[in-house]
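Hello,

Please find the structure below. My notes on it follow.

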Amino acid sequence: MKKLLIFTVLCAFLAGCQNHGSRYNAGSKKYNTKSIVNSSVKSGGVNYASVTQNPWHYMLTQINVNVPNNSRVVAERERLLRNPKGFENIALRSEPYVYYIINQLRKNKLPVELALIPLIESAYDPLATSPAQAAGLWQFVPITAKEYGLKRSSSFDGRRDLIASTGSAISLLQNLNNRFNGDWLLTLAAYNAGEGRIQRAIDKNKAKGLSTDYWSLDLPAETMHYVPKILAIIDIVKNNKRYGIKLPDCNYENSLVRIDISKNVSLAKIAQYSELSLNDLMTYNAGYVQQTVNGPFHLLVPYSHADKLFKKLKSENLVVNQVTELLEDVPHNNMPFEIKSTTIQYTGTNAKDTKLMLNGGKKQITYQVKAGDNLYTIAQNYRVKITDLLQWNKLKNMRVKEGDILTINLVNSNPI
């Protein structure tokens, strides 16, 4: 495989595009699901609330990596910290995409630190292209894209599509990790340089009776920097306060949701309907090469724009289904409350008190926030919109804490 040149987006110190090897063991599923460095990951179940509240803070709670403090990692960390604002700006750029990526990593039992790969590969820009024609958030080169089922045509490039490319990247990482017996440093090196290049370096060291761990291998210069750079970023995220780095304060309203379009329509028209700029809409939907997209297709827009856009598109018979939130695999728990009033009583799964008021036939409940709740999970359980919860309760942001009382209208709400 060709060696990729370092790709620069916004900050030169974060850039570097990968090569991928041409063959992977797609048949085995015995990949290492533990942490990148010390094969130790925090247990205790998944905190869905943390993912939806702020995926970067969720990542922070899950990282359990002892980053080596060797000269190569130290050098990369010092280089990154020379421009802390640049690091913060690129991290914030992840906001529309990182919810989905972290949730997919979690769903596939992979280390959440792998969500930092697009930070290095593309600076979280789906429109990014390297000199070797690697493209998208995960920077797939054409041969690997084809092998991992990413379709390319004159109208669509799956390497730039959030959903398609993330699925393929996860498959690639799983297969590489299985190929290198659960060693995440070798896995990341192979993601950058290609499986064949890493295996040849291992075989060369074996023939000389030398160690075959990542740090001992003779690799291309880019790969010699690539893995230490990822480790340095993990260390910076893990110890962000020590290094004076502010992690992104993400808002779920800015995460992407999916609308399924049934007919041909131009992105310019959709931009007008959504009040998004055409540039932003094309970035979120970078997989579509042409401005007029042939239906059916999926459209990705920020949550805050989805409801109004969906209604407009529905009025023109351009949509199928409802708006689909990309974290829809969050379990829909039974209503965790006990409703009490003088006339009606319902019993749920937990002893949480909620009052039901009858107002002209409209059901309005007051809900006490439990530990682990957030607006997303509450909205999902009651099939109401987050924007409605914000309006009904005069909330200025998505933050709620245990013990808060929320008003929820069960009839007047518009389920997503």
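A search of the whole structure finds 6 aromatic pairs. Rings of Phe, Tyr and Trp (its six-membered ring) pair if their centres lie within 6.5 Å; planes under 30 degrees apart count as stacked, over 60 as edge-to-face and the rest as tilted. Y214 and W215 form an edge-to-face pair, with 5.0 Å between the centres and 75° between the planes.

This is a predicted model: local features need pLDDT of at least 70 and side-chain atom pairs pLDDT 80 or more, while totals for chains, interfaces and linings use all residues. Residues are numbered from 1 along each chain as its sequence is written, and side-chain values use heavy atoms, without hydrogens and water.

Why is Y214 counted as buried? Its relative accessibility is 1%, and buried means under 20% relative accessible area, exposed over 50%, partly exposed in between (1.4 Å probe, protein chains only). W215, at 25%, counts as partly exposed.

Ring pairs also link Y99, Y252 and Y303 into a cluster. R179 lies over the face of F180, 5.1 Å from the ring centre; a charge sits over a ring if NZ of Lys or CZ of Arg is within 6 Å of the ring centre and within 35 degrees of the ring normal.

Now the strands. An open sheet of 3 strands has the order β4-β1-β5, with antiparallel pairing. Its edge strands, β4 (297–302) and β5 (319–325), each pair on one side only. Strands are DSSP runs (E, at least two residues), numbered from the N terminus, and two of them pair if DSSP finds at least two bridges between them. β1 (residues 256–261) pairs with β4 over 6 bridges; F297 in β4 is the bridge partner of I261.

Regards

Notes
Helix = DSSP H or I, 4+ residues; strand = E, 2+ residues; numbered from the N terminus.
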